[in-house]
Amino acid sequence: MRMLSGIQPSGKLHLGNYLGAMKQHIEQQNEHEGFYFIANYHSLTTVQDPDTLRKWTRDVALDYLALGLDPEKVALFRQSDISEVLELTWLLATVTGKGLLERATSYKDKINKGLSPSMGLFCYPILMAADILIYRSDLVPVGKDQVQHVEMTQDMAGYFNSTFGREVFKRPEPMLNEALIVPGIDGQKMSKSYGNAIDLFDTPKRTRKRIMSIKTDSTPVEAPKSPETCNVFSLYKLMATGDEVKALEERYLAGGMGYGEAKELLAQVVERVLGPARERREKLEADHDYVEDVLLAGAAKARRVASQVMTEARDACGIIIAGDMPK
Ligand code: TRP
(Lines give C-alpha, C1' and ligand atoms only; values in the text may rest on other atoms or scores of the structure.)
Protein backbone atom coordinates (compact mmCIF):
# COMPACT_ATOMS: atom_id res chain seq x y z
CA MET A 1 0.00 0.00 0.00
CA ARG A 2 1.23 3.46 -0.78
CA MET A 3 0.90 5.93 2.04
CA LEU A 4 1.16 9.64 1.38
CA SER A 5 1.00 12.73 3.49
CA GLY A 6 2.18 16.33 3.40
CA ILE A 7 3.26 18.78 6.04
CA GLN A 8 3.09 22.50 5.46
CA PRO A 9 6.23 24.47 6.18
CA SER A 10 4.46 27.21 8.05
CA GLY A 11 6.51 27.65 11.19
CA LYS A 12 8.27 25.72 13.89
CA LEU A 13 6.92 22.24 14.34
CA HIS A 14 5.70 21.28 17.79
CA LEU A 15 4.93 18.22 19.85
CA GLY A 16 1.39 18.18 18.44
CA ASN A 17 2.77 17.84 14.88
CA TYR A 18 5.04 15.04 16.02
CA LEU A 19 2.58 13.04 18.10
CA GLY A 20 -0.38 13.73 15.83
CA ALA A 21 1.29 13.05 12.49
CA MET A 22 5.04 12.64 12.05
CA LYS A 23 5.43 9.87 14.62
CA GLN A 24 2.87 7.78 12.78
CA HIS A 25 4.58 8.43 9.45
CA ILE A 26 7.88 7.28 10.90
CA GLU A 27 6.38 4.19 12.54
CA GLN A 28 4.69 3.18 9.29
CA GLN A 29 7.86 3.34 7.22
CA ASN A 30 8.43 -0.39 7.63
CA GLU A 31 4.82 -1.30 6.87
CA HIS A 32 3.98 0.73 3.80
CA GLU A 33 5.60 2.44 0.88
CA GLY A 34 5.84 6.00 2.16
CA PHE A 35 5.64 9.24 0.20
CA TYR A 36 6.05 12.29 2.43
CA PHE A 37 6.36 15.75 1.12
CA ILE A 38 6.80 19.32 2.26
CA ALA A 39 3.72 21.19 1.08
CA ASN A 40 5.39 24.49 0.21
CA TYR A 41 2.83 25.50 -2.44
CA HIS A 42 0.14 25.11 0.20
CA SER A 43 2.10 27.27 2.61
CA LEU A 44 2.24 30.05 0.08
CA THR A 45 -1.43 30.68 0.89
CA THR A 46 -0.28 32.00 4.26
CA VAL A 47 3.51 32.50 4.24
CA GLN A 48 4.46 35.22 1.81
CA ASP A 49 8.05 35.98 2.66
CA PRO A 50 10.53 34.15 0.38
CA ASP A 51 13.41 33.74 2.85
CA THR A 52 11.05 32.51 5.53
CA LEU A 53 9.41 30.01 3.19
CA ARG A 54 12.81 28.70 2.08
CA LYS A 55 13.97 28.33 5.67
CA TRP A 56 10.81 26.61 6.90
CA THR A 57 10.82 24.26 3.91
CA ARG A 58 14.27 23.06 4.82
CA ASP A 59 13.35 22.93 8.50
CA VAL A 60 10.59 20.39 7.86
CA ALA A 61 13.12 18.14 6.11
CA LEU A 62 15.55 18.50 9.01
CA ASP A 63 12.85 17.81 11.57
CA TYR A 64 11.61 14.69 9.81
CA LEU A 65 15.10 13.26 9.37
CA ALA A 66 16.12 14.11 12.93
CA LEU A 67 13.03 12.40 14.31
CA GLY A 68 13.87 9.21 12.46
CA LEU A 69 12.33 9.24 9.00
CA ASP A 70 14.57 6.95 6.98
CA PRO A 71 15.14 8.26 3.44
CA GLU A 72 16.26 4.80 2.35
CA LYS A 73 12.76 3.55 3.08
CA VAL A 74 10.49 6.45 2.20
CA ALA A 75 10.55 9.24 -0.34
CA LEU A 76 10.85 12.64 1.31
CA PHE A 77 10.49 15.48 -1.15
CA ARG A 78 9.38 19.05 -1.77
CA GLN A 79 5.94 19.44 -3.31
CA SER A 80 7.38 22.04 -5.70
CA ASP A 81 9.94 19.62 -7.14
CA ILE A 82 7.12 17.85 -8.94
CA SER A 83 5.61 20.66 -10.98
CA GLU A 84 3.15 18.25 -12.63
CA VAL A 85 1.09 18.54 -9.46
CA LEU A 86 0.12 22.07 -10.51
CA GLU A 87 -0.85 20.83 -13.95
CA LEU A 88 -3.08 18.20 -12.40
CA THR A 89 -4.61 20.84 -10.14
CA TRP A 90 -5.92 22.54 -13.27
CA LEU A 91 -7.29 19.36 -14.80
CA LEU A 92 -9.14 18.59 -11.59
CA ALA A 93 -10.41 22.17 -11.32
CA THR A 94 -12.18 21.78 -14.66
CA VAL A 95 -14.27 18.86 -13.39
CA THR A 96 -14.94 20.18 -9.88
CA GLY A 97 -17.96 22.26 -8.98
CA LYS A 98 -17.45 25.47 -7.07
CA GLY A 99 -20.07 24.27 -4.59
CA LEU A 100 -17.84 21.46 -3.40
CA LEU A 101 -15.13 23.93 -2.44
CA GLU A 102 -17.63 26.25 -0.83
CA ARG A 103 -18.48 23.49 1.61
CA ALA A 104 -14.87 23.15 2.83
CA THR A 105 -14.93 23.88 6.55
CA SER A 106 -11.21 24.52 6.75
CA TYR A 107 -11.58 27.35 4.19
CA LYS A 108 -14.40 28.88 6.22
CA ASP A 109 -12.37 28.57 9.43
CA LYS A 110 -9.41 30.29 7.85
CA ILE A 111 -11.54 33.17 6.59
CA ASN A 112 -13.12 33.52 10.02
CA LYS A 113 -9.64 33.75 11.49
CA GLY A 114 -8.97 36.74 9.25
CA LEU A 115 -7.04 35.23 6.34
CA SER A 116 -7.77 36.89 3.04
CA PRO A 117 -9.97 34.79 0.78
CA SER A 118 -7.47 34.40 -2.08
CA MET A 119 -8.16 32.00 -4.95
CA GLY A 120 -5.21 29.98 -3.66
CA LEU A 121 -6.88 29.49 -0.32
CA PHE A 122 -10.17 28.65 -2.00
CA CYS A 123 -8.57 26.12 -4.35
CA TYR A 124 -6.38 24.61 -1.64
CA PRO A 125 -8.39 21.34 -1.61
CA ILE A 126 -7.86 20.88 -5.36
CA LEU A 127 -4.10 21.17 -4.96
CA MET A 128 -4.31 18.71 -2.09
CA ALA A 129 -6.34 16.32 -4.23
CA ALA A 130 -3.71 16.57 -6.96
CA ASP A 131 -1.01 15.76 -4.37
CA ILE A 132 -2.83 12.62 -3.40
CA LEU A 133 -4.04 11.43 -6.80
CA ILE A 134 -0.86 12.04 -8.76
CA TYR A 135 0.97 9.39 -6.70
CA ARG A 136 -1.92 6.89 -6.80
CA SER A 137 -1.92 6.92 -3.01
CA ASP A 138 -3.92 4.26 -1.19
CA LEU A 139 -3.80 5.68 2.32
CA VAL A 140 -3.59 9.23 3.53
CA PRO A 141 -2.78 9.56 7.24
CA VAL A 142 -4.21 12.87 8.40
CA GLY A 143 -5.62 14.63 11.41
CA LYS A 144 -9.35 15.09 11.86
CA ASP A 145 -9.33 18.56 10.32
CA GLN A 146 -8.06 17.18 7.01
CA VAL A 147 -10.46 14.27 6.57
CA GLN A 148 -12.94 16.39 4.65
CA HIS A 149 -10.19 17.27 2.18
CA VAL A 150 -9.47 13.60 1.56
CA GLU A 151 -13.18 12.99 1.02
CA MET A 152 -13.23 15.83 -1.49
CA THR A 153 -10.29 14.13 -3.19
CA GLN A 154 -12.35 10.96 -3.53
CA ASP A 155 -15.08 13.05 -5.14
CA MET A 156 -12.67 14.72 -7.54
CA ALA A 157 -11.16 11.38 -8.59
CA GLY A 158 -14.68 10.19 -9.34
CA TYR A 159 -15.60 13.34 -11.31
CA PHE A 160 -12.51 13.00 -13.47
CA ASN A 161 -12.88 9.28 -14.10
CA SER A 162 -16.55 9.55 -14.96
CA THR A 163 -16.20 12.69 -17.10
CA PHE A 164 -13.55 11.05 -19.27
CA GLY A 165 -14.77 7.48 -18.97
CA ARG A 166 -11.52 6.05 -17.70
CA GLU A 167 -10.26 4.90 -14.32
CA VAL A 168 -7.22 7.12 -14.29
CA PHE A 169 -7.34 7.87 -10.57
CA LYS A 170 -7.48 5.53 -7.67
CA ARG A 171 -9.75 6.25 -4.72
CA PRO A 172 -7.63 7.09 -1.65
CA GLU A 173 -8.74 6.41 1.91
CA PRO A 174 -8.09 8.72 4.85
CA MET A 175 -6.37 7.09 7.78
CA LEU A 176 -7.39 8.91 10.90
CA ASN A 177 -4.72 9.06 13.50
CA GLU A 178 -6.75 7.52 16.36
CA ALA A 179 -8.54 10.86 16.60
CA LEU A 180 -5.57 11.92 18.63
CA ILE A 181 -5.90 15.24 20.35
CA VAL A 182 -2.64 16.51 21.71
CA PRO A 183 -3.31 19.12 24.38
CA GLY A 184 -1.26 22.30 24.52
CA ILE A 185 -0.07 23.87 27.76
CA ASP A 186 -3.48 25.49 28.28
CA GLY A 187 -5.43 22.26 27.64
CA GLN A 188 -6.81 23.30 24.24
CA LYS A 189 -5.63 21.40 21.15
CA MET A 190 -1.93 22.16 20.67
CA SER A 191 -1.62 24.63 17.85
CA LYS A 192 0.87 27.25 16.78
CA SER A 193 -1.93 29.77 16.39
CA TYR A 194 -3.14 29.32 19.99
CA GLY A 195 0.31 30.07 21.40
CA ASN A 196 0.09 26.94 23.56
CA ALA A 197 2.64 24.76 21.78
CA ILE A 198 5.70 22.96 23.04
CA ASP A 199 8.18 23.28 20.17
CA LEU A 200 10.08 20.21 19.07
CA PHE A 201 13.47 21.77 18.75
CA ASP A 202 13.76 24.40 21.42
CA THR A 203 16.63 24.43 23.94
CA PRO A 204 16.23 21.83 26.72
CA LYS A 205 15.86 24.67 29.21
CA ARG A 206 13.02 26.40 27.37
CA THR A 207 11.27 23.11 26.67
CA ARG A 208 11.37 22.30 30.39
CA LYS A 209 10.03 25.74 31.23
CA ARG A 210 7.09 25.24 28.85
CA ILE A 211 6.30 21.90 30.48
CA MET A 212 6.44 23.45 33.94
CA SER A 213 3.85 26.00 32.82
CA ILE A 214 1.22 23.43 31.77
CA LYS A 215 -2.12 24.36 33.28
CA THR A 216 -3.35 22.06 36.06
CA ASP A 217 -6.28 22.25 38.48
CA SER A 218 -5.96 23.21 42.12
CA THR A 219 -6.33 19.77 43.72
CA PRO A 220 -4.12 19.87 46.86
CA VAL A 221 -0.97 17.74 46.96
CA GLU A 222 -2.38 15.14 49.40
CA ALA A 223 -5.62 14.58 47.47
CA PRO A 224 -6.08 11.89 44.78
CA LYS A 225 -5.99 13.32 41.27
CA SER A 226 -7.79 12.48 38.11
CA PRO A 227 -5.48 11.27 35.34
CA GLU A 228 -8.17 11.55 32.64
CA THR A 229 -8.67 15.27 33.03
CA CYS A 230 -5.04 16.27 33.56
CA ASN A 231 -3.10 17.85 30.69
CA VAL A 232 0.22 16.72 32.11
CA PHE A 233 -0.96 13.13 32.28
CA SER A 234 -2.43 13.26 28.75
CA LEU A 235 0.92 14.28 27.33
CA TYR A 236 2.76 11.75 29.47
CA LYS A 237 0.51 9.03 28.18
CA LEU A 238 1.43 9.92 24.60
CA MET A 239 5.16 9.75 25.25
CA ALA A 240 6.01 7.35 28.07
CA THR A 241 6.09 3.54 28.02
CA GLY A 242 3.03 1.53 29.08
CA ASP A 243 4.62 0.67 32.44
CA GLU A 244 5.54 4.25 33.14
CA VAL A 245 2.02 5.39 32.36
CA LYS A 246 0.57 2.79 34.69
CA ALA A 247 2.93 3.78 37.47
CA LEU A 248 2.06 7.45 37.17
CA GLU A 249 -1.64 6.65 37.03
CA GLU A 250 -1.38 4.81 40.34
CA ARG A 251 0.37 7.77 41.92
CA TYR A 252 -2.35 10.13 40.69
CA LEU A 253 -5.07 7.95 42.16
CA ALA A 254 -3.24 7.44 45.45
CA GLY A 255 -2.77 11.15 46.15
CA GLY A 256 0.26 12.60 47.88
CA MET A 257 1.96 13.72 44.69
CA GLY A 258 1.98 17.32 43.47
CA TYR A 259 1.60 18.32 39.83
CA GLY A 260 5.15 19.70 39.94
CA GLU A 261 6.47 16.20 40.29
CA ALA A 262 4.32 14.91 37.43
CA LYS A 263 5.63 17.72 35.23
CA GLU A 264 9.16 16.78 36.18
CA LEU A 265 8.49 13.20 35.00
CA LEU A 266 6.95 14.48 31.79
CA ALA A 267 9.97 16.70 31.17
CA GLN A 268 12.20 13.64 31.51
CA VAL A 269 10.35 11.54 28.94
CA VAL A 270 10.10 14.47 26.55
CA GLU A 271 13.85 14.96 26.78
CA ARG A 272 14.39 11.24 26.31
CA VAL A 273 12.64 11.45 22.95
CA LEU A 274 13.74 14.89 21.82
CA GLY A 275 17.30 14.95 23.19
CA PRO A 276 18.80 12.48 20.69
CA ALA A 277 16.69 14.01 17.88
CA ARG A 278 18.03 17.44 18.75
CA GLU A 279 21.60 16.16 18.43
CA ARG A 280 20.86 14.51 15.10
CA ARG A 281 19.26 17.70 13.88
CA GLU A 282 22.33 19.76 14.73
CA LYS A 283 24.52 17.42 12.70
CA LEU A 284 22.10 17.43 9.76
CA GLU A 285 21.89 21.19 9.83
CA ALA A 286 25.61 21.38 9.19
CA ASP A 287 25.33 18.98 6.24
CA HIS A 288 23.49 20.98 3.64
CA ASP A 289 24.42 18.71 0.75
CA TYR A 290 23.16 15.58 2.44
CA VAL A 291 19.72 17.04 3.11
CA GLU A 292 19.47 18.39 -0.43
CA ASP A 293 20.49 15.00 -1.82
CA VAL A 294 17.79 13.29 0.22
CA LEU A 295 15.17 15.67 -1.15
CA LEU A 296 16.35 15.24 -4.72
CA ALA A 297 16.37 11.45 -4.47
CA GLY A 298 12.86 11.59 -3.00
CA ALA A 299 11.73 13.84 -5.84
CA ALA A 300 13.19 11.49 -8.44
CA LYS A 301 11.20 8.62 -6.99
CA ALA A 302 8.02 10.68 -6.79
CA ARG A 303 8.46 12.00 -10.32
CA ARG A 304 8.59 8.53 -11.82
CA VAL A 305 5.06 7.90 -10.60
CA ALA A 306 3.75 11.41 -11.22
CA SER A 307 4.90 11.64 -14.81
CA GLN A 308 3.33 8.30 -15.69
CA VAL A 309 0.01 9.24 -14.09
CA MET A 310 0.03 12.65 -15.77
CA THR A 311 0.61 11.09 -19.16
CA GLU A 312 -2.49 8.98 -18.60
CA ALA A 313 -4.49 11.91 -17.28
CA ARG A 314 -3.62 14.12 -20.27
CA ASP A 315 -4.41 11.33 -22.64
CA ALA A 316 -7.77 10.74 -20.98
CA CYS A 317 -8.83 14.34 -21.52
CA GLY A 318 -7.13 15.03 -24.85
CA ILE A 319 -4.42 17.40 -23.75
CA ILE A 320 -1.29 17.09 -25.87
CA ILE A 321 2.14 18.25 -24.78
CA ALA A 322 5.46 17.86 -26.57
CA GLY A 323 7.05 14.63 -25.46
CA ASP A 324 3.91 12.65 -24.66
CA MET A 325 3.31 9.84 -27.10
CA PRO A 326 0.20 10.64 -29.19
CA LYS A 327 -2.37 7.87 -29.38
N1 TRP B 1 -3.40 20.32 4.12
C2 TRP B 1 -2.50 19.51 4.90
C3 TRP B 1 -2.34 20.15 6.29
O4 TRP B 1 -2.38 21.33 6.42
C5 TRP B 1 -1.15 19.38 4.25
C6 TRP B 1 -1.27 18.66 2.95
C7 TRP B 1 -1.11 19.18 1.70
C8 TRP B 1 -1.58 17.28 2.79
N9 TRP B 1 -1.27 18.23 0.77
C10 TRP B 1 -1.57 17.04 1.39
C11 TRP B 1 -1.86 16.24 3.68
C12 TRP B 1 -1.85 15.77 0.87
C13 TRP B 1 -2.13 14.98 3.16
C14 TRP B 1 -2.13 14.76 1.76
O15 TRP B 1 -2.12 19.44 7.24
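What follows is a set of questions and answers on a predicted model.

Me: How is the protein divided by the domain assignment, and how many Å separate the centres of domain 1 and domain 2?
Reply: The assignment gives domain 1 as 2–182 + 288–324 and domain 2 as 201–283. Their contact takes 13 residues from domain 1 and 10 residues from domain 2. Taken over C-alpha atoms, the distance between the two centres is 34 Å.

Me: Which residues is leucine 238 in contact with, leaving aside its neighbours within four places in sequence?
Reply: Leucine 238 is found in helix α10, residues 231–239. Its range falls inside domain 2, which the assignment gives as 201–283. With neighbours within four places in sequence left aside, the contacts of leucine 238 are Leu19, Lys23, Leu180 and Val182.

Me: What distance separates the C-alpha atoms of leucine 238 and serine 5?
Reply: Leucine 238 belongs to helix α10. Along the chain, leucine 238 and serine 5 are 233 residues apart.

Me: Which residues lie nearest the centre of the largest pocket?
Reply: The largest pocket holds about 1,600 Å³ of space. Its lining is made up of 49 residues. Nearest its centre are Gln8, Asn17, Asp145, Gln146 and Lys189.

Me: Which element gives the largest share of the lining of the largest pocket?
Reply: The elements that give two or more residues to this lining are β1 (2–7), α1 (15–27), α6 (105–112), α7 (119–133) and β4 (139–142). The largest share is five residues, and the element that gives them is α1.

Me: How many residues of the lining of the largest pocket are charged?
Reply: The lining has 49 residues in total. By class, 21 are nonpolar and 19 are polar. The charged residues number nine.

Me: Which residues line the largest cavity?
Reply: There is one cavity of 30 Å³ or more, and the largest cavity holds about 40 Å³ of space. Helices α6 and α7 each supply at least two residues of its lining. By class, this lining has five nonpolar, two polar and one charged residues. The residues are Ala104, Ser106, Tyr107, Lys110, Leu121, Tyr124, Pro125 and His149.

Me: At what angle do the axes of α4 and α7 cross?
Reply: Helix α4 covers residues 84–93, and its axis and that of α7 come within 8 Å. The crossing is right-handed. The angle is roughly 115 degrees.

Me: Which residues in α7 does α4 meet?
Reply: The contact of α4 with α7 has 10 nonpolar, one polar and one charged residues. From α4 come Val85, Leu86, Leu88, Thr89, Leu92 and Ala93. In α7 they meet Ile126, Leu127, Ala129, Ala130, Asp131 and Leu133.

Me: How far apart are the axes of α9 and α12?
Reply: Helix α9 spans residues 204–212 and helix α12 spans residues 259–286. They pack at an angle of about 145 degrees, and α9 passes α12 in a right-handed crossing. The distance between the axes is 9 Å.

Me: How many charged residues are in the contact of α9 with α12?
Reply: Pro204, Thr207, Arg208, Ile211 and Met212 in α9 take part. On the side of α12 are Gly260, Lys263, Glu264, Leu266, Ala267, Val270, Glu271 and Arg278. The contact has six nonpolar and two polar residues, and the number of charged ones is five.

Terms used. Residues are numbered from 1 along each chain as its sequence is written. This is a predicted model: local features need pLDDT of at least 70, side-chain atom pairs count only at pLDDT 80 or more; totals for chains, interfaces and linings use all residues. Side-chain values use heavy atoms; hydrogens and water are left out. On a 1 Å grid over the protein atoms alone, a cavity is a set of points where a 1.4 Å probe fits but cannot get out, and a pocket is an open set with protein on both sides within 12 Å along at least five of seven lines; lining residues have an atom within 4 Å of a point. Grid points are joined across faces, edges and corners, and a volume is the space filled by probe spheres set on the points. Helices (H or I, at least four residues) and strands (E, at least two) are DSSP runs, numbered from the N terminus. Ala, Val, Leu, Ile, Met, Phe, Trp, Tyr, Cys and Pro count as nonpolar, Asp, Glu, Lys and Arg as charged, and the others, Gly among them, as polar. Axes are lines fitted to C-alpha atoms, for helices over the stretch in contact, and angles run from 0 to 180 degrees between N-to-C directions. A crossing is left-handed if the near helix is turned anticlockwise from the far one by less than a right angle, and right-handed if clockwise. Contact means heavy atoms within 4.5 Å. Domain bounds come from an automatic or database domain assignment.
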